[in-house]
Amino acid sequence: MVIVQINPMNRPEVPESSRDILNRINEMTFNASLVREMAGFAAISRLVETGKLTDDRYIAVRFHEIGAEVELAGLGALSKMNTERAFLEHLHRLGYETADRWLTENFDRLGWESTFDVAERFG
């Protein structure tokens with residue numbers, strides 16, 4: 001399972017203005033369903049891997065995440081409304097560069113193991 005993270009899970013700064021607080025709440029709300037779903041996947045995979053769940057309908061899942069959290073966290077909430085061509089081209093380049101870097105670092109692990117600990121990240 002490949003997760004392409006488009007919303008930062010964490011931000012280094014604490015929001016102080018009412019607008020920044022509202023924007024952070026929106027990001028957290030958007031991420032909440034992902035966190036909940038991934039925690040469920042992690043729990044089932046852990047049961048399969050430890051032999052506690054032997055039903056053939058369930059298999060351990062290999063997890064991968066591609067994201068540019070640092071770069072995305074640097075963008076303000078209003079960037080989600082930015083439809084200017086130059087900005088969209090910037091995001092497109094960022095996506096390709098991030099994916100290329102991730103593939104260079106992780107390609108040999110695909111099909112063999114997860115590239116991050118889903119329980120640690122989302123559990």
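**Legends to close-up views of a predicted model**

**Figure 1. Overall fold of the protein chain.** Read from the N terminus, the elements of the protein chain follow the order β-α-β-α-α-α. The radius of gyration is 17 Å, well over the 14 Å that the globule rule gives for 123 residues, so the protein chain is more spread out than a compact globule. The model shown here, as in every view, is predicted. In total the protein chain has 4 helices and 2 strands. Its C-alpha trace spans about 50 × 35 × 25 Å along the principal axes. Of the 123 residues, 24% count as buried. Where residues at least 6 apart in sequence are in contact, 69% of those contacts join residues at least 24 apart.

**Figure 2. The largest nonpolar core.** This core has 8 residues, namely Ile3, Met9, Met38, Ala42, Phe63, Phe116, Val118 and Phe122. At least two of the core residues come from α1 (18-49), and at least two come from α4 (118-122).

**Figure 3. The largest pocket and its lining.** The space in the largest pocket is about 480 Å³. Its lining consists of 21 residues, and those nearest the pocket centre are Gln5, Ile6, Leu72, Leu91 and Leu94. By type, the lining holds 12 nonpolar, 7 polar and 2 charged residues. Three elements, β1 (2-5), β2 (64-67) and α3 (85-106), each supply at least two lining residues. The most is given by α3, with 6 residues.

Figure 4. Phenylalanine 122 is 86 residues away from arginine 36 in sequence, yet the two C-alpha atoms are 7.7 Å apart in space. Phe122 is itself one of the residues of the largest nonpolar core.

**Figure 5. Valine 70 on helix α2.** Valine 70 sits in helix α2, which covers residues 69-73. With a relative accessibility of 72%, valine 70 counts as exposed. Asparagine 10 lies 60 residues from valine 70 along the chain, and 9.0 Å separates their C-alpha atoms.

**Figure 6. Leucine 103 on helix α3.** Leucine 103 is placed in helix α3, the element that gives the most residues to the lining of the largest pocket. Its relative accessibility is 36%, so leucine 103 counts as partly exposed, a class that falls between under 20% for buried and over 50% for exposed. Valine 35 is 68 residues from leucine 103 in sequence, and the C-alpha to C-alpha separation of this pair is 24 Å.

Notes. Residues numbered from 1 in each chain as written. Predicted model: local features only at pLDDT ≥ 70, side-chain atom pairs only at ≥ 80, totals over all residues. Heavy atoms only, no water. Core = buried A, V, L, I, M, F, W, Y, C linked by side-chain atoms within 4.5 Å. Buried < 20%, exposed > 50% of the residue type's maximum accessible area, 1.4 Å probe, protein only. 1 Å grid on protein atoms, 1.4 Å probe; cavity = no way out; pocket = protein on both sides within 12 Å on 5 of 7 lines; lining within 4 Å. Points joined across faces, edges and corners; volume = space filled by probe spheres on them. Nonpolar A, V, L, I, M, F, W, Y, C, P; charged D, E, K, R; others polar. Rg over C-alpha atoms; globule rule 2.2 N^0.38 Å. Contact = heavy atoms within 4.5 Å.
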